[in-house]
Amino acid sequence: MLPVDLPDAVREALLAPLVDHHCHGVRRDELSRAQFELLITEGSTPAPPGTTHFDTPVGAAIRRWCAPVLDLEPHAPPAVYLARRAELGAGEVNRRLLEAAGIVAFLVDTGLESPELLSAAEMGRHGGAAADEIVRLEQIEQDVAETAQIAVDYMDSLAEELAARAARAVGLKSIVAYRCGLDFDPARPSRGSVIAAANRRLSDPKQRLTDPILLRHLLWTAVDVARERGLPLQFHTGYGDPDLDLDRADPALMTGFIRSLQPIGVPVILLHCYPYHRQAAYLAAVFPHVYVDVGLALTYTAAGSARVMAELLELVPFHKQMFSSDCYGVAETCHLGALYFRHGLARTLRARLDDGEWNPTDCARIAHMIGSGNARRVYRL
Ligand SMILES: [Zn+2]
């Protein structure tokens, strides 16, 4: 199960159930090969003619590590893998792969909700785990924009709706990296500027929100709610789909905003971060309220993921790193996220033991903190 020999206590700590503090639902329906291939890439297009998304680090990882969960030999060819998947059916495949991930609680970002995706509660049931909700800010703003009549309604409804949704959630999440980049003005916008921007917004509310003034207003409204309820605020940073300008998703770009939240005490959780995970580790090291994970970067770098984990651990305080699978669409991404997290951490811990830098007690404690303890503390699970 682990790629290296470790003292029993360290091994047990690594194999203990994980808190997956950021994930999405997986599909409940049967998938064609074309649909499956689109769900194992962050790109949104099929592989070029004559090629396949299975010829990627994550594609090879599915054949290596997910095939045995479906009773196939490791490295089963894609066609054999997908035939077995269809034979077992989506329900059974989801149960097997989510259970194999060894997760005790899923914190599900419900911002992408659609009838084909398992809900947070269903993710929990399929994976034999607890489940809680993370509320996506931009989704709530969209709902409010489509129903508000005037700017003042918009502002009031946004605050009310955020507070109501937050009451049932364990955290809030922003995708401002996608909407205007992380180099936004960190200051709270003036009421006058928000009213003027809201009036423009309400004239065409079906559009996705990209106005930096309203995005900042949304963030600061969320900060008020998060402070009131003691909730952390997650941010997409780094690696994502092609809607993103990657260079504007470097978490170091939001240093000003992070600094302004420090006295307020709202925890800021930097998701994914890759390839800016070293910047993220630095931010977590110097700001008391900043936490990081490398989420789907481990799934998508797959056989190379141990290096990403090792780079994050060069600097990140052990009480600041968390585990997430960031699974979405297919349960393979959950299983692989957990597997490469455990493998990568195991290799780093083995190296520290070999160098005599950390002792087995330290290693076990660190594995517990990163695997579940930090998330339990910050999300108050
Ligand atoms: Zn995500």
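**Exercise 1. Pairing in the sheet**

In what sense do strand β3 (residues 130–136) and strand β4 (residues 171–174) pair, and over how many bridges? Then place this pair in its sheet.

*Solution.* The structure is a predicted model.

Step 1. Look at the two strands. β3 and β4 pair in the parallel sense, over 3 bridges.

Step 2. Find residue partners. Arg 136 stands opposite Lys 173 in β4. Ile 134 has Gly 171 of β4 as its bridge partner.

Step 3. Move on from β4. The pairing of β4 with β5 is again parallel, with 3 bridges. Here Ser 174 has Phe 235 in β5 as its bridge partner.

Step 4. Widen the view. The open sheet has 7 strands in the order β1-β2-β3-β4-β5-β6-β7, with parallel pairing. β1 and β7 are the edge strands, since each pairs on one side only. From one strand to the next, the twist averages 25°.

Step 5. Recall the general rule. Strands of a sheet pair through backbone hydrogen bonds, either parallel or antiparallel.

**Exercise 2. The two faces of β4**

Which residues of β4 lie on one side, which lie on the other, and are they buried or exposed?

*Solution.* Step 1. Sort the residues by side. Gly 171 and Lys 173 are on one side. Leu 172 and Ser 174 are on the other.

Step 1. Check burial. The cut-off for buried is under 20% relative accessible area. All four named residues are buried, and both faces of β4 are covered.

**Exercise 3. The zinc site**

Which protein donors does the zinc ion have? Say where they sit in the chain.

*Solution.* Step 1. List the donors. They are His 22 (NE2), His 24 (NE2) and Asp 326 (OD), lying 2.0 to 2.1 Å from the zinc ion.

Step 1. Read the spacing. In sequence it is H-x1-H-x301-D.

Step 2. His 22 is in strand β1 (residues 18–23). Asp 326 is in the loop between α15 (305–312) and α16 (332–354). These two residues are 304 residues apart, and the pair links distant parts of the chain.

Step 3. Check burial. His 22 and Asp 326 are both buried.

**Exercise 4. Two packed helices**

At what angle do helix α8 (residues 151–166) and α10 pack, and how far apart are their axes?

*Solution.* Step 1. State the description. Two packed helices are described by the angle between their axes and the distance between the axes.

Step 1. Read the values. The angle between α8 and α10 is about 105°, and their axes are 8 Å apart.

Step 2. Classify. Angles of 65 to 115 degrees count as roughly perpendicular. α8 and α10 are therefore roughly perpendicular to each other.

Step 3. Name some contact residues. α8 contributes Ala 151, Val 152, Tyr 154 and Met 155. The α10 side includes Arg 191, Val 194 and Ile 195.

**Exercise 5. Two loop residues**

Where does Phe 184 lie, and where does Val 330 lie? Describe the surroundings of each.

*Solution.* Step 1. Locate Phe 184. This residue is in the loop between α9 (176–179) and α10 (191–202).

Step 1. Describe its setting. Phe 184 is buried, with a relative accessible area of 9%. Leaving aside neighbours within four places in sequence, Phe 184 contacts Val 176, Arg 216, Leu 219, Met 254 and Phe 257.

Step 2. Locate Val 330. That residue lies in the loop between α15 and α16.

Step 3. Describe its setting. Val 330 is buried, with a relative accessible area of 0%. Not counting residues up to four places away in sequence, Val 330 touches Val 26, Leu 31, Phe 36, Leu 39, Ile 40 and Arg 85.

Technical notes. Residues numbered from 1 in each chain as written. Predicted model: local features only at pLDDT ≥ 70, side-chain atom pairs only at ≥ 80, totals over all residues. Heavy atoms only, no water. Buried < 20%, exposed > 50% of the residue type's maximum accessible area, 1.4 Å probe, protein only. Contact = heavy atoms within 4.5 Å. Donors = N, O, S within 2.8 Å, 3.2 Å for Na, K, Ca; no water. Axes fitted to C-alpha atoms, helices over the stretch in contact; angles between N-to-C directions. Parallel < 35°, antiparallel > 145°, perpendicular 65-115°, else oblique. Pairing = 2+ DSSP bridges.
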